[in-house]
Amino acid sequence: MKELLTYIVQSLVDHPDEVSVTEREAGGETIFEVSVADGDMGKVIGRQGRIVKEIRTLMKAVAQRKGKKVSVEILD
């Protein structure tokens with residue numbers, strides 16, 4: 001799932017080499033922390049947070065098929 005998230009975010013930004021996705025476990029949930037270049041933050045979040053909301057929805061759907069819980073956080 002980390003690879004899928006990395007691919008999605010790298011496809012959206014101007015500087016794909018600066019995309020960093022870290023994975024950590026907390027309370028039975030997998031948390032993905034996404035870090036991008038400062039200029040690319042708006043491209044990942046989107047207008048009124050629409051793009052990041054859809055990324056979260058997609059990741060939760062994939063996780064649900066595998067019987068897991070995930071969340072996606074965008075770090076600034």
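This is a predicted model: local features need pLDDT of at least 70, side-chain atom pairs count only at pLDDT 80 or more; totals for chains, interfaces and linings use all residues.

Visitor: How many salt bridges does the rule give?

Guide: Side chains of opposite charge can pair when their charged atoms come close. The rule asks for a side-chain nitrogen of Lys or Arg within 4 Å of a carboxyl oxygen of Asp or Glu. The count here is 3 salt bridges.

Visitor: Which parts does the pair of Asp-14 and Lys-43 tie together?

Guide: These two side chains form a salt bridge at 2.3 Å, N to O. Asp-14 sits in the loop between helix H1 (2–12) and strand E1 (20–26) and Lys-43 in helix H2, so the bridge ties together parts that are 29 residues apart in sequence. Helices (H or I, at least four residues) and strands (E, at least two) are DSSP runs, numbered from the N terminus.

Visitor: Which residues are joined into one network?

Guide: Arg-24 meets Glu-33 in a salt bridge of 2.8 Å, N to O. Arg-24 also pairs with Glu-73, at 3.9 Å. The latter pair links strand E3, which holds Glu-73, with strand E1, which holds Arg-24, 49 residues apart. Through shared partners, Arg-24, Glu-33 and Glu-73 form one network.

Visitor: Is Glu-33 buried or exposed?

Guide: Buried means under 20% relative accessible area, exposed over 50%, and partly exposed in between (1.4 Å probe, protein chains only). Glu-33, at 17%, is therefore buried, whereas Arg-24 is partly exposed at 36%.

Visitor: What does the side chain of Asp-40 reach?

Guide: Asp-40 lies in the loop between strand E2 (29–35) and helix H2 (41–45). Asp-40 is buried yet has no salt bridge, for Lys-43, the nearest side chain of opposite charge, is 4.3 Å away. The Asp-40 side chain does reach the backbone nitrogen of His-15, at 3.1 Å.

Visitor: Which residues form the negative surface patch?

Guide: A patch is made of residues with over 30% relative accessible area and no salt bridge; like charges are joined within 9 Å, and nonpolar side chains (Val, Leu, Ile, Met, Phe, Trp, Tyr) within 5 Å. Asp-17, Glu-18, Asp-38 and Asp-76 form the negative patch. Asp-76 follows strand E3 (70–75) and is exposed, at 89%.

Notes. Residues are numbered from 1 along each chain as its sequence is written. Side-chain values use heavy atoms; hydrogens and water are left out. Accessible areas come from the Shrake-Rupley method with a 1.4 Å probe; for residues, only the protein chains shown count as cover. Lys and Arg count as positive and Asp and Glu as negative; His and the chain ends are not counted. The place of a charge is taken as NZ of Lys, CZ of Arg, CG of Asp or CD of Glu. A polar contact is a pair of N or O atoms within 3.5 Å; within protein, one must be able to donate a hydrogen and the other to accept it, and residues adjacent in sequence count only if both atoms are side-chain atoms.
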